[in-house]
Amino acid sequence: MSSALIDLVWESTLETLYMVAVSGIIAALLGIPLGILLYVTRPRQILAQPVAHRVLGLVTNIGRSIPFIILLVAIIPFTRMIVGSSIGTNAAAVPLTIAAIPFVARLVEGALNEVPPGLVEAAQSMGATPMQIVMKVLLPEARGGIINGLTITVVALVSYSAMAGAVGGGGLGDLGIRYGYNRFNPTVMLITVVVLVVMVQVFQSLGDYLVRKSDHK
Amino acid sequence: MISLDKVSKTYGSGAGAVPALVDVDLDVPQGAIYGVIGLSGAGKSTLIRCVNLLERPSTGRVHIDGQDMTAMSAAELRAARHRCGMIFQHFNLLTNRSVYDNVALPLELMRESRQTIQERVESLLEMTGLADKAHQYPAQLSGGQKQRVAIARALATRPKVLLCDEATSALDPQTTASILALLQEINQKLGLTILLITHEMEVVKTICHRVGLISDGRLVEDAEVGDFFTAPRTQLGRTFLNDFLELEPPRALVERLEPTPGEKTHPVVRLTFSGDSVSTPLISTLSRDHGIDVSILQAKVESVQGRTLGLMIAELMGQAEQTTQALATLESFDLQVEVLGHVQRTD
């Protein structure tokens with residue numbers, strides 16, 4: 001394996017990690033609050049707002065139902081507005097983030113739904129405000145489930161980032177397509193797949209470790 | 001201390017409306033332990049949740065310590081809930097908080113200082129016998145220990161009232177006894193007023209001063225525990241009592257019982273006696289004065305809130321006129337006589 005190829009794989013790995021990190025962090029920052037809102041506005045929940053809940057749910061579902069490759073090109077004007085360009089790694093991070101936000105939100109909503117209703121009732125009986133219930137009961141009790149959801153999101157982002165090549169975003173998936181597939185170089189294809197497998201393994205193990213560590217169930 | 005005034009709760013509306021509570025009036029005096037008993041689905045759970053407004057009554061008023069809970073703003077209600085602790089059947093402890101932090105939670109919600117929290121939590125853990133468990137997590141505790149943590153947590157804000165929602169229903173008999181002893185201790189030491197709901201007569205018998213029986217959302221009995229156990233006023237009350245005392249006539253006897261006296265039958269009676277009548281030499285009196293034999297089929301003596309309660313199922317064996325006179329004599333004593341039926345003489 002030539003050193004040029006090693007450099008290429010290394011560079012692509014960093015690009016993938018960069019896209020996953022940026023979109024993962026921003027999606028978590030926006031998706032967790034959205035997931036909380038989805039949950040607390042449910043009927044019979046602490047801030048039941050059936051109409052707001054339905055609107056949020058609809059928007060979230062629309063976000064989740066658009067195929068990523070279409071989203072990637074469909075929001076190009078928006079991407080240009082945010083990062084100033086429609087091509088490159090940063091440009092790929094924008095649609096990745098947009099796709100991940102509703103994904104995170106639904107996983108967080110699901111994790112919160114696993115918190116036994118009795119715990120919320122107990123907190124209410126202690127005179128907790130809705131904000132206190134979220135911060136001191138729901139989030140800490142759903143911590144394991146939320147970390148698990150974020151792990152799933154990160155792994156999904158690794159996979160989605162393979163499509164970033166379509167807008168010149170680079171990354172391992174792009175490397176595999178251009179060198180491995182288009183130039184009939186099975187070695188490159190194999191290497192990118194192996195690196196991706198290792199990366200996903202590492203993320204999943206790290207996530208599992210954090211879940212175990214944070215949960216006392 | 002706690003008073004419910006014509007409290008009703010209806011779920012749903014229109015044709016699908018389900019009444020869960022109907023015009024419940026209830027008063028729990030300061031320092032009392034009041035037990036509400038009833039079958040599943042009778043409305044117990046709704047009743048206790050209406051007290052701290054986890055469920056808002058459809059109509060009626062709830063007062064705690066003179067304050068109208070039903071007229072409060074959301075913020076006032078939260079403040080009032082700090083003065084009203086609650087424990088639950090399934091403990092409802094936060095799994096990701098240590099024992100210490102669980103007990104500290106209500107104080108954190110009130111934004112108490114770290115020092116106040118530490119003092120309060122440590123003394124509560126001491127009182128509930130959990131001092132050595134402070135840094136364990138709920139998953140490491142037994143059911144009884146979890147309920148102790150829940151009790152400590154409910155007392156952290158120094159409430160005047162404690163609501164217990166089937167607090168011992170998930171526990172085995174020994175653990176139940178130790179939790180009840182703790183509740184009684186709290187009641188006596190801190191003067192805490194306790195309202196509890198349960199389906200176990202044992203709980204009522206062991207710690208309650210007063211009892212209410214709820215049936216289809218209505219409070220059908222409301223009496224001192226001693227009175228309820230010696231003379232329940234409703235059929236449901238009697239059923240609860242007989243189930244609890246396991247004083248149903250033996251099955252073989254029930255099959256032989258006839259509703260009306262015949263040519264050659266003996267009456268079978270259930271005698272319930274309390275207080276002074278327990279010490280009356282009943283059987284020998286009947287034997288001597290009426291010349292009959294008394295066959296005791298079942299008997300039990302219970303002590304409830306300092307009152308002695310005796311129950312007996314007996315067959316009065318003798319000639320018809322003798323047993324009739326004996327029954328009349330029984331009626332003249334200070335006890336309850338219930339003729340269960342008549343059995344054919346086997347002699």
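**A strand and its surroundings**

Tutor: Strand 11 (residues 265–274) of chain B pairs with strand 14 (residues 335–344) of chain B in the antiparallel sense, over nine bridges. This is a predicted model, in which local features need pLDDT of at least 70 and side-chain atom pairs count only at pLDDT 80 or more, while totals for chains, interfaces and linings use all residues. Residues are numbered from 1 along each chain as its sequence is written, and chains are lettered from A and ligands numbered from 1 in the order in which they are written. Strands (E, at least two residues) and helices (H or I, at least four) are DSSP runs numbered from the N terminus, and two strands pair if DSSP finds at least two bridges between them.

One of the bridges to strand 14 of chain B joins Thr265(B) to Gln344(B). Strand 11 of chain B also pairs with strand 13 (residues 307–317) of chain B, again antiparallel, over seven bridges; here Val268(B) has Glu315(B) as its bridge partner. Seven of the 10 residues of strand 11 of chain B are buried, and the strand is thus mostly covered. A residue is buried if 20 or more other C-beta atoms lie within 10 Å of its own, exposed if 12 or fewer, and partly exposed in between, with C-beta atoms placed from the backbone.

Seven residues of domain 1 of chain B are in contact with seven residues of domain 2 of chain B, where contact requires C-beta atoms, placed from the backbone, to lie within 7 Å. Helix 8 of chain B gives four residues, the largest share of the domain 1 side. By class, that side has three nonpolar, three polar and one charged residues. Ala, Val, Leu, Ile, Met, Phe, Trp, Tyr, Cys and Pro count as nonpolar, Asp, Glu, Lys and Arg as charged, and the others, Gly among them, as polar.

Helix 9 (residues 235–245) of chain B has Gly237(B), Phe240(B) and Leu241(B) as its buried residues. Viewed down the axis of helix 9 of chain B, these buried residues fall within an arc of 95°, so they line one face of the helix; the arc is that of the directions from the helix axis to the C-beta atoms. In general, an α-helix has 3.6 residues a turn, so residues three or four places apart point the same way. Gln235(B) and Asp243(B) are exposed on the face of helix 9 of chain B turned away from its buried side. The cover over the buried residues of helix 9 of chain B includes strand 3 (33–38), helix 7 (201–207), strand 9 (210–215), strand 10 (218–224) and helix 8 (225–230) of chain B. Glu246(B), which follows helix 9 of chain B, has a positive phi, near 50°.

Elsewhere in chain B, four strands form an open antiparallel sheet in the order 2-1-4-5. Its edge strands, each pairing on one side only, are strand 2 (18–28) and strand 5 (67–68) of chain B. Strand 5 of chain B is joined to strand 4 (residues 59–64) of chain B over two antiparallel bridges, and Ile64(B) has Gln67(B) as a bridge partner. Asp23(B), located in strand 2 of chain B, has a positive phi of about 45° although it is not a glycine. Asp23(B) is partly exposed, with 15 other C-beta atoms within 10 Å.

The contact between the chains takes 19 residues from chain A and 19 residues from chain B. Helix 6 (117–125) and helix 7 (130–160) of chain A each supply at least two residues of the chain A side. That side divides into six nonpolar, seven polar and six charged residues. Gly145(A) is found in helix 7 of chain A and touches Ala111(A) and Glu114(A), leaving aside residues up to four places away in sequence. With 19 other C-beta atoms within 10 Å, Gly145(A) is partly exposed.

Technical notes. Contact = placed C-beta atoms within 7 Å.
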